[in-house]
Amino acid sequence: QVQLVESGGGLVQAGGSLRLSCAASGRTFSNSAMGWFRQTPGKEREFVAAISWSGSSTNYADSVKGRFTISRDNAKNTVYLQMNSLKPEDTAVYYCAATYRRSAYYTSLSASGYNYWGQGTQVTVSS
């Protein structure tokens, strides 16, 4: 079993920044592909960003490209989502997710590609 715990959410004004963290435990982190998703009530869980276990491959949703940056520190078993130029439409619960693959370049843009999920952290952007 893998445990993921998100932190760093909060309330910010439009144009502000937040950095989300996801700490992993229970299994070796270095070979995990990681993703960030977000969800608002009544809507589908939406892909935000993904990173391979090597850190060399990343993917972003068009809605966040150029504003958000995903990164990881394997020594700390942690993945980050730096969110800049936040907009009210970024308001959601943000979830991190993990899956294990042998490929150093594997990423998934689909929620079904991940086996482990955190409980989420709320991000609210005021206008």
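**Note on an all-strand model and its aromatic cluster**

1. Arg-45 lies over the face of Tyr-95, at 3.9 Å from the ring centre. The charged end of Arg-45 also sits over the ring of Trp-117, 4.8 Å from its centre. A charge sits over a ring if NZ of Lys or CZ of Arg is within 6 Å of the ring centre and within 35 degrees of the ring normal.

2. This is a predicted model, in which local features need pLDDT of at least 70 and side-chain atom pairs pLDDT 80 or more, while totals for chains, interfaces and linings use all residues. Residues are numbered from 1 along each chain as its sequence is written, and side-chain values use heavy atoms, without hydrogens and water.

3. The protein has 0 helices and 11 strands (DSSP runs numbered from the N terminus: helices are H or I with at least four residues, strands E with at least two).

4. The whole structure holds 5 aromatic pairs (rings of Phe, Tyr and Trp, the last by its six-membered ring, with centres within 6.5 Å; planes under 30 degrees apart are stacked, over 60 edge-to-face, the rest tilted). The rings of Phe-37 and Tyr-114 have centres 5.5 Å apart and planes at 80°, so this pair is edge-to-face. Phe-37 belongs to strand 4 (residues 32-39), and Tyr-114, 77 residues apart from it, to the loop between strand 9 (92-100) and strand 10 (116-117).

5. Phe-37 and Tyr-114 are both buried (under 20% relative accessible area, with exposed over 50% and partly exposed in between; 1.4 Å probe, protein chains only). Together with Phe-47 and Trp-117, they form one aromatic cluster.
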